Amino acid sequence: MLEFKVLKQSEKSKARLGLLKTANGIVETPTLVPVATQAVVKTLTSEEAAAAGSQMLICNTFHLRLKPGEKFVKSAGGLHKFMNWPRPLMTDSGGFQVFSLGFGKDLGVGKIIKEKTGEIVRLGQQPKLLKITDEGVHFTSFLDGSRLFLGPEESMKIQQALGADIIFAFDECPPPAAEHAYIKKSLERTHRWAKVCLKAKRNKHQALFGIVQGGRYKDLRQESARFINSQPFDGFGIGGEFGEDKKSMMQMLGWVTEELDPKKPRHLLGVGYLEDIPKIIKQGIDTFDCIVPTHYARHGIAFISSGTLDLLKSVFLKDKKPLDPKCSCAVCANYSRSYISHLFRAKEITALKLLTFHNLFFFNQYVSKIREDIRNNKV
RNA sequence: GGGGGUGUACUCAAGCAGUCAACGAGGGCAGACUGUAAAUCUGCUGGCCGAACGGCCUACGUAGGUGCAAAUCCUACCGCCCCCA
């Protein structure tokens, strides 16, 4: 099972240094959990993901249910063996797809909304591509049009077959800027589902995290955090939206972490622009996953100590420096901006791999430095 | 030498009298992306003025012509391609 030890609680902030012991290894926290939706960190082998400093990966129940189907993964001996990742693994429950394939797609918005919008989703509203009921969510597969139903039991069953070390309760990730009444109703559903997930069977080594929702509303965030905290979960996930700016985001995170048992790990779902990372850690977050380092890499953006580079820009063709002169990764040791820029402009797939590796290494290094800072009383 | 075809913006390529500064694609440029339907998506891409509607100028091989109006029709010339001798 899961063991979580807080090695040090910062006196300057809510940040803490910890060790998360899973059946497949130990994770030093705080840590970034790179996203491996389809049982792969896109463009990298599992060995490379590890070489980039990744300690734990998160795969997706929804995607693996559709492709290849959990039975193939199970017959391969589980996710760890299937993807050759003999280290800690998480699976997301599919709750995020309720949003990303639903209102997120309809409204053309991400999880976090930039401009002030007011309340744009009302109680009773349904997204176009899927139907949310009290039992679960009916999806239409984008692969072949087939119907897929995902509810708490289904999600748990699939996650049991996949066999990750940490699995998440099936939640509704509600759209940002939904009105209070919508979030309240959604929250009741998510809480009911949380109880169903707790009752469902899972493998002995699997820890179950409950997910706190509540949108941008303080009363609902607190209510959700208290409820999830009162249940026998092994840890917490914090999901949904966090308002329109970073300040409100940190405030909202604070409402939640205040209510959570400090002895259990907290995972923030899907947040992690580089500049967000120190802030969420200071709010008491232990682990967090984010597509940014890998996703942006495939779009040509390198994260470096002095900011970001867009390798698609022609200026980099004549730039012989490494991506980041201060970075000690294998890509920076061996390749120039010029070369990587050329590969991008020539649409060579190796470009994606080189940048993904660097970004991941850079993010992991960045978080490792924060762990150091917590240890040394700097954070 | 005879016959046929063709020449369009950075490139390829549509258009074959007015709705054409010219479809589309590539390239170029700019922007977006936070529990990944994402090696993706969006916008711009002749010049000048304008926030915009729009206006003016220059442009469809070259030079003339017809016509209210030409990338589109006619004449000559130039270049490329194919077939026959």
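Helix H7 (residues 180-199) and helix H8 (residues 218-230) pack with their axes 11 Å apart and at an angle of about 5 degrees. H7 is therefore roughly parallel to H8, a term for angles under 35 degrees. Axes are lines fitted to C-alpha atoms, for helices over the stretch in contact, and angles run from 0 to 180 degrees between N-to-C directions. Helices (H or I, at least four residues) and strands (E, at least two) are DSSP runs, numbered from the N terminus. The model is predicted: local features need pLDDT of at least 70, side-chain atom pairs count only at pLDDT 80 or more, and totals for chains, interfaces and linings use all residues. Residues are numbered from 1 along each chain as its sequence is written, while chains are lettered from A and ligands numbered from 1 in the order in which they are written.

On the H7 side, Ile 183, Lys 184, Leu 187, His 191 and Ala 194 meet Leu 220, Ser 224, Phe 227 and Ile 228 of H8; residues are in contact if their C-beta atoms, placed from the backbone, lie within 7 Å. By class, the contact of H7 with H8 has six nonpolar, two polar and one charged residues. Ala, Val, Leu, Ile, Met, Phe, Trp, Tyr, Cys and Pro count as nonpolar, Asp, Glu, Lys and Arg as charged, and the others, Gly among them, as polar.

Leu 187 and Ser 224 also contact Gln 213, as do Asp 171, Pro 174, Ser 186, Thr 190, Gly 239 and Gly 240, leaving aside neighbours within four places in sequence. Gln 213 is found in the loop between strand E11 (207-212) and H8. Gln 213 counts as buried because it has 28 C-beta neighbours inside 10 Å. A residue is buried if 20 or more other C-beta atoms lie within 10 Å of its own, exposed if 12 or fewer, and partly exposed in between, with C-beta atoms placed from the backbone. Gly 240 lies in the loop between strand E12 (235-238) and helix H9 (246-257) and is buried, with 32 other C-beta atoms within 10 Å. An unreviewed UniProt entry places the feature "binding site" at positions including Asp 171, Gln 213 and Gly 240; such annotations may be inferred rather than shown by experiment, feature names are shortened, and positions are given in the numbering used here.

RNA strand B is surrounded by 48 residues, the closest being Gly 110, Phe 142, Cys 173, Gly 270 and Ile 291. A residue is near the strand if its C-beta atom, placed from the backbone, lies within 6 Å of it. Helix H5 (95-107) is one of the elements that each supply at least two residues of this surface, and H5 gives the largest share, seven residues. The surface near RNA strand B divides into 21 nonpolar, 16 polar and eleven charged residues.

Helix H6 (residues 152-162) is mostly covered, with eight of its eleven residues buried. Just after H6, Gly 163 takes a positive phi of about 85 degrees.

Most residues other than glycine have a negative phi, and most peptide bonds are trans. Thr 43, not a glycine, has a positive phi of about 80 degrees, and Lys 347, also not a glycine, has one of about 55 degrees. Thr 43 counts as buried, with 20 C-beta neighbours inside 10 Å, whereas Lys 347 is exposed, with 8 other C-beta atoms within 10 Å. A cis peptide bond joins Thr 29 and Pro 30, with omega about 0 degrees.

How values were computed: Angles under 35 degrees count as roughly parallel, over 145 as roughly antiparallel, 65 to 115 as roughly perpendicular and the rest as oblique. Two residues are in contact if their C-beta atoms, placed from the backbone, lie within 7 Å.
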